[in-house]
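Please examine the sequence and structure before reading the solutions.

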Amino acid sequence: ETEASIHVARQRALGIWIEAEASRRDVLVHLPAGRLTLEASSGSGGDPWSLRHPDLLVRPRDRIGIAGPNGSGKSTLVRRLLQGCDLDPARQVVVPQEIGADEAGRILDSVKTLGRAELGSMMAVISHLGSDPRRLLDSVLPSPGELRKLLLALGVARVPHLIVMDEPTNHLDLPSIECLESALRDCPCALLLVSHDERFLDALTSRRGETRAEASRSYALSATERRPIGG
């Protein structure tokens, strides 16, 4: 084995602590109860659907999961919550459901500005999440799964107060999902995870919301019972 492969194997065996911390603020985000207009599906015709939601708070140590059917407004809700977040953007890690080619280029360019220590920390996170960091950084356009790992690793290097991931297990194989779950499990900052993966949400979140269809082209977000993490 090469020295690099031995180093990567050791990182995976030891696991990794996400360098995050809880904000000292009482509330990170407050979205008053209301209704959000959703983008109409192509060819759907008629008025757009909407998402009705209750008063929403995100506190410094909250671990929140949001589930529900496709097109029910989960991503729209997350974007609206982030608009109301007055944390320094450097203290937020946001991994969207889809990453376009322009955004992928911006992410790769930002790596080139990192100092040696930050680059080393980022590469350690990528290694732990199941990818070869040097191969990833040398690629012209990483795969969607690798881009998500890279975006998370870049954010972690900034010691975030809030991590938001929209469908974080998409484009990841099972070993990578298990690595991601392990990395997030003891993370001390606030987590907001949108996912169809119930097992993943059960392992990592203690507050849950779910979007459900209502009458008259409307969805509603409702809170589910609080559950212990891993329960």
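**Exercise 1.** Determine how the lining of the largest cavity divides by class.

*Solution.* In this predicted model, the lining of the largest cavity comprises six nonpolar, one polar and two charged residues. To see this, begin with the residues themselves: Leu129, Arg148, Lys149, Leu152, Met165, Pro168, Leu172, Ser176 and Leu180. The volume of the largest cavity is about 60 Å³.

**Exercise 2.** Which residues line the second largest cavity, and how do they divide by class?

*Solution.* First, list the lining: Val29, Val58, Leu81, Leu82, Leu162, Val164 and Leu192. Two or more of these residues come from each of α2 (74–83) and β7. Then classify them: seven are nonpolar, with no polar and no charged residues. This cavity holds about 40 Å³ of space.

**Exercise 3.** Identify the residues with the most contacts inside the largest nonpolar core.

*Solution.* The core has 37 residues, and those with the most contacts inside it are Met122, Leu150, Leu152, Ile163, Met165, Leu180 and Leu184. The largest share of this core, seven residues, is supplied by α6. Another core, of 22 residues, lies apart from it and includes Leu36, Leu38, Ile64 and Leu192.

Notes
Residues numbered from 1 in each chain as written. Predicted model: local features only at pLDDT ≥ 70, side-chain atom pairs only at ≥ 80, totals over all residues. Heavy atoms only, no water. Core = buried A, V, L, I, M, F, W, Y, C linked by side-chain atoms within 4.5 Å. Buried < 20%, exposed > 50% of the residue type's maximum accessible area, 1.4 Å probe, protein only. Helix = DSSP H or I, 4+ residues; strand = E, 2+ residues; numbered from the N terminus. 1 Å grid on protein atoms, 1.4 Å probe; cavity = no way out; pocket = protein on both sides within 12 Å on 5 of 7 lines; lining within 4 Å. Points joined across faces, edges and corners; volume = space filled by probe spheres on them. Nonpolar A, V, L, I, M, F, W, Y, C, P; charged D, E, K, R; others polar.
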